[in-house]
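I opened my notebook to look at one structure today.

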Amino acid sequence: MNNPNFNGMTNNPFMDPKHGTTTIALKFKGGIAAAADKRASMGSFIASKKAKKLHEINDFTIATIAGLVSDAQYLVHLTRANLNLYALGRGYDPSTKMAGNLLASIMYEQYRAYFPYYVSMIVAGLDKDGGHIYTLDMAGGITEEDFASTGSGSLVAYGVLESQWKEDLTEEAGLKIAITALATATSRDTATGDGMDVLVVNKKGVKRLTAAEVKKHLEA
Amino acid sequence: MLGPQSMGYDRTTTMYSPEGRIIQTEYARESVRRGSIAVGIKSKHGVVLAGLLRIVDLNEPDLKIHKISENIQAIFAGVAADGRILISRSRLEAEIFRLTYAEPLDVRGLSIKIGDYIQVFTQQGGLRPFGVGLLFGGLDQTGPSLHFVDPGGGVMSCKAKAMGEGDSEAIAYLKETYNDDLTTEQMVEIAKEAVRKAARDVELIDENIVIEIMPYKA
């Protein structure tokens, strides 16, 4: 299922995304750190140098995207709309688990209709039970992890994450590991690059780091 | 000569009376008048919604003011079950709009969408019109906005509005005190007083009056 053109689409190389991305999410004590590059690629061509791969779903939930941009953007918007409706109807936010499983259900349904969304995503956030990270594949599978990475550079990033991640990291240490893992992937994966986007979720909510803050962590 | 009621013109929405009225829809407006009072005021400085909760026995009353989206709040008077359906639909419309255009829905746009839906129930056979009046208050591209949707599907932009039991007293008070330069604090006081005038012998306590303030900064 690694060819999106299987279902009668013409074999256009521009329709053949190579998962050229690295996204990372990891748990620290009291929150989540997430990082992603900004390169959107179509084969060897760089289609965008300021792609947004980290998305806020609600005040305490984020999603990272890799794969076909249109599918991923649509899924982010659809999840956000559904979670908003949930919160408006009840007066409280759904858990991170519900956010992840909602998205997995949508993706599974589409996979079973022989036309899957060509994406691989991470849904992460903070709820009353603490931080959670879920990885989702295009078949609708969902698994909970302590740290996760998707995209072409994920193997490189996992090397750093496996060797450095441990339980109960501080926010600073968590951010440092996420940024180091992404920097490593950037330097060894051709489809990853053009800077970094970094998000942190803690009890205050979701915060997007400025370029200066990212640079400070990178040099620390 | 028999009156239009005894001729049976009030039995369905699919038949006009000889005077050109749709009497079932007028009965629906009557059920709005039986609902608990709801008040809305707008000025240059924002929108304020206020309502009275009817506390029956040990029931925990519903919220009365419902959040539709980040920029719109709604209040209704009349049949609670009918109102709930329209609130759900309003939230869905707001999310669909955002999904399609990546912009928040405007108050007038939402009111017309809901008005269009309500109108169907005044023209199609076998349906009962909605027994609720809705007030949508919010901030959008046009600034502060307050719209009233009635059981016939009519949509009106209002400076201030009251609907429900005692609405004539409340509207008289609003007419006396309204100007378009009221601060949000003044609007809250006026809305509270309008509810108090409408409520007549109901004792007003913190638990049975609900207020929503949406301040606007140009």
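I began with the exposed side of α2(A), where I found Ser105(A), Glu109(A) and Arg112(A). I kept in mind that this is a predicted model.

Next I looked up the buried residues of α2(A). They are Thr96(A), Ala99(A), Gly100(A), Leu103(A), Ala104(A) and Met107(A).

Helix α2 of chain A runs over residues 96–112, which makes 17 residues. From first C-alpha to last it reaches 24 Å, close to the 24 Å expected at 1.5 Å a residue. After the helix comes Tyr114(A), and its phi is positive, near 60°.

**Entry: the cores**

I moved on to the largest nonpolar core, which has 59 residues. Ala25(A), Ala34(A), Ala35(A) and Ala178(A) have the most contacts inside it. Helix α4 (residues 171–188) of chain A gives the largest share of this core, 7 residues. I also noted a second, separate core of 52 residues, which includes Leu49(B), Ile68(B), Leu105(B) and Ala191(B).

**Entry: where the chains touch**

Last, I looked between the chains. I found 6 residues of chain B in contact with 6 residues of chain A. On the chain B side, helix α2 (residues 80–101) of chain B supplies the largest share, 5 residues. That side divides into 2 nonpolar, no polar and 4 charged residues.

Key
Residues numbered from 1 in each chain as written. Chains lettered and ligands numbered in written order. Predicted model: local features only at pLDDT ≥ 70, side-chain atom pairs only at ≥ 80, totals over all residues. Core = buried A, V, L, I, M, F, W, Y, C linked by C-beta atoms within 7 Å. Buried ≥ 20, exposed ≤ 12 C-beta atoms within 10 Å, placed from the backbone. Helix = DSSP H or I, 4+ residues; strand = E, 2+ residues; numbered from the N terminus. Contact = placed C-beta atoms within 7 Å. Nonpolar A, V, L, I, M, F, W, Y, C, P; charged D, E, K, R; others polar. Expected span 1.5 Å × (residues − 1).
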